[in-house]
Amino acid sequence: MNRRSYFKRILVLGALGGASFSIFKWKELTRQVDPVLLWSKKDLVAELSEIIIPETDTPGAKSANVADYIIKVLINCMDIKKQNKFCSGLELVESHSMRNYGKSFLNCSDQEKQTVFEYIANHSGFSYRILNRINKKIFGESFFITLKDLTIEGYCMSKPGATQGLAYDYIPGNFEACIKLKPNQKSWATK
Amino acid sequence: MYNSNKTKELNTYDAIVIGSGISGGWAAMELCKKGFKTLLLERGRNVEHIVDYPTANLNPWDFKYGLNNTLKDREADPVQSNTYNPSTKHFFVSDAEHPYIQEQPFDWVRGYQVGGRSLVWGRQCYRMSDLDFEANLKDGIAVDWPIRYKDLAPWYSYVESFIGVSGQKENLAHLPDGEFLPAMELNYIEKHLGDSIKKNEHNRLLTIARVANLTRGWDHRGPCQNRNLCERGCPFGGYFSSNSSTIPAAVATGNLTLRPFSIVTEILYDEQRQMAKGVRVIDTLSNEVYEFYSKILFINASTIATASLLLNSVSSRFPNGFGNDSEQVGHNLMDHHSSAGAYGVHDQFKDYYYKGRRPCGFLIPRYRNLKDGENLNFKRGYNIQGHGERMEWQDLSYNLNGFGKDFKKQLTTPGDWTVWMAGWGECLPYFENQITLDKIQKDKWGLPLVKIDFSFAENENKMMIDIQQTSAEMLEGAGFKDVEMFNYKKSGGSTVHEMGTARMGHDPRTSVLNKFNQMHNAKNVFITDGSAMTSSSCQNPSLTYMALTARACEFAYQQLKNGKL
Ligand SMILES: Cc1cc2nc3c(=O)[nH]c(=O)nc-3n(C[C@H](O)[C@H](O)[C@H](O)COP(=O)(O)OP(=O)(O)OC[C@H]3O[C@@H](n4cnc5c(N)ncnc54)[C@H](O)[C@@H]3O)c2cc1C
Ligand code: SF4
């Protein structure tokens, strides 16, 4: 791996270390999640990811099949605690829409979905993080943060996301150190 | 396991080189070019240039889990998985398969394959200077280096001219210029930081990193296409690795025999000649044991493996390990620290961007303790390595609030400029920092496990505080906001510059190698990997290993020619 992305990663991982989570009991967080259960929630995950990165003049999270990525990465790469928090988060989305609208999230109107989602985002413990504030443990790995991170990662690394949502330069050839930003210029998909 | 009964003649070469990484590749090439029939022994598999770079041309979406390591990987390889990701995993060992014992946390990052870690290295190439070679003598620390800059300078040039190093001449006594290909370019924010440093801090400067990436075609390789995926292996041969450069050159002479899957377990001693007679090898495919013989032997298994090989080679002459009369083998282990630094965000210059992925960052050469009497609370110094960039999705993911259309727009538009920088700091040679062999636990080939006992001490810790402060000052001086100092407190080994376990010195009573990397106690053995280092300086070390290797090969050649070996 490249040194700088290596160190950046450490920085991020290190910062994530200080998470605290109080709603769910520790015991529940140490049980392996059932992959079948998680896969059965794929439509819900897809809907949520599309709210974060909607289709505009460029593809959104759904057309980039981000839900698939999120679930695969969660099950295979994320620790069990995070997997469980994620599942509990999905339950919270469902119970919140049931309680408020009497129907499941997927059956809610766009406006209702938006309201539920805002509730979840605002109750994720903290909604604003700054990368460089690593000494002030304000990072966390709540359901919302995990969902958001994996949505962004899954989208920006997907083919539609990288090549249409962002600018992807497979083999740059040369390096131009200082260029004027063009109007509406997208940022690079890879470093 | 049985000792294969091949005839001795068949197994006899002019020279044997152990390990095919950065330094071993150089030894093999030089010896082959001098006409020696050379056997290159490598414990790992073969990695053929380009053919064996399976991930080199993959897109981000070709990886099933992105660049995330799986839980299984992290469990099996708790150390290596901190360095590898799915695009590079195949160039690192499995910790489960190759265990070692950490007396204190120490990351022993390894690549067991033809090419060693030359495939994945960061390619930073800096010369050492007399500030470094004289340091131990001046400070009364450890032992004096038996060489000075003038001894190595022509060999630095020789190596640079062969591998191709891009860089900018700066005319500094403590960071000598080299034979450079055209320099890569600094981007807008890096130039801005450089200008500010020049204005505010008169003894400091910021320059582009010196890297073994080819800014133009060189030796039938390159040029670099600015993809910044070097650690996957480069289909353009755009950077130096043993696989792209020295090994093919050695093969071309017709004098090389490359033998992968061959773990050297012991150096064999010849009582009569008081020299090494050869090596014992386990073939990892067949589990057979072989012996190979040669006139001279170059040990380039990398610092920790080299020391453990010496310690494992006991005889009545060397009860404490091969060539270990001084009892220094395994001791004085060093690694640079690179945990401390600072990060800042700049809210101007938003009209500028860059195109292409330059495979390096910038360097601020050492500025501490260049002269005597600076009254700092630590000895020696550090250089700063870093890079400037605009925030892209990887950073914005942590910085942007919200979701939806506007969020997406911001996420996909270049954000503020940032600079991340950290100090690569010298580590003093402490006798207590050492590797030993465990008396009981063995690996699957019956070899004793390596035990590593290493920690940074007060000098390094004080230096880290200074790094944070001076880094933050430079960023603030250049108008950065939200400047944050950090210290990742990474364990030893994680800079992957381990060195010092069979040091050079004048005196056979206190050192293992002489000024030509020749073993004091067995004149036909040469060690030219990191274990030879008498002090660590703060420069990334591999260029120095290469220069020492080429120089030692020439010396060995002359000695043989003159009948002295
Ligand atoms: C991510 C990363 C970034 C780096 N960046 C830089 C940088 O920018 N600049 C820099 O100067 N350095 C850098 N380094 C360090 C650099 O890779 C090492 O200094 C260099 O590879 C050491 O060369 P070597 O020949 O001693 O060992 P290696 O390249 O490690 O090669 C040793 C070889 O010996 C083989 N071997 C070991 N034991 C035995 C045995 N018993 N029998 C047979 N074969 C054996 C191994 O399999 C291996 O192939 C970096 C390293 C890493 C991992
Ligand atoms: S950045 Fe250059 S050297 Fe590195 S992989 Fe790309 S083309 Fe090759």
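How many nonpolar, polar and charged residues does the shell around ligand 2 have? Sorted by class, that shell has seven nonpolar, five polar and one charged residues. The model is predicted.

**Ligand 2**
- Ligand 2 is surrounded by 13 residues.
- The closest of these are B:C224, B:Q225, B:N228, B:C230 and B:C234.

**Ligand 1: surrounding residues**
- Around ligand 1 there are 36 residues, of which B:S23, B:E42, B:R117, B:G122 and B:S542 are the closest.
- The site of ligand 1 is shared between chains, because the residues that surround this ligand come from chains A and B.
- The shell around ligand 1 consists, by class, of 16 polar, 14 nonpolar and six charged residues.

**Ligand 1: backbone contacts, cover and elements**
- One oxygen atom of ligand 1 lies 3.3 Å from a backbone N or O atom of B:I22.
- At B:Q113, a polar backbone atom is 2.9 Å from an oxygen atom of ligand 1.
- At B:G122, a polar backbone atom is 2.7 Å from a nitrogen atom of ligand 1.
- On its own, ligand 1 has 1000 Å² of accessible area, and the protein covers 97% of that area.
- In chain B, the elements α1 (22-33), β9 (262-270) and α12 (542-561) each give two or more residues to the shell around ligand 1.

Conventions:
Residues are numbered from 1 along each chain as its sequence is written. Chains are lettered from A and ligands numbered from 1 in the order in which they are written. This is a predicted model: local features need pLDDT of at least 70, side-chain atom pairs count only at pLDDT 80 or more; totals for chains, interfaces and linings use all residues. Side-chain values use heavy atoms; hydrogens and water are left out. A residue is near a molecule or strand if one of its heavy atoms lies within 4 Å of it. A polar contact is a pair of N or O atoms within 3.5 Å; within protein, one must be able to donate a hydrogen and the other to accept it, and residues adjacent in sequence count only if both atoms are side-chain atoms. Accessible areas come from the Shrake-Rupley method with a 1.4 Å probe; for residues, only the protein chains shown count as cover. Helices (H or I, at least four residues) and strands (E, at least two) are DSSP runs, numbered from the N terminus. Ala, Val, Leu, Ile, Met, Phe, Trp, Tyr, Cys and Pro count as nonpolar, Asp, Glu, Lys and Arg as charged, and the others, Gly among them, as polar.
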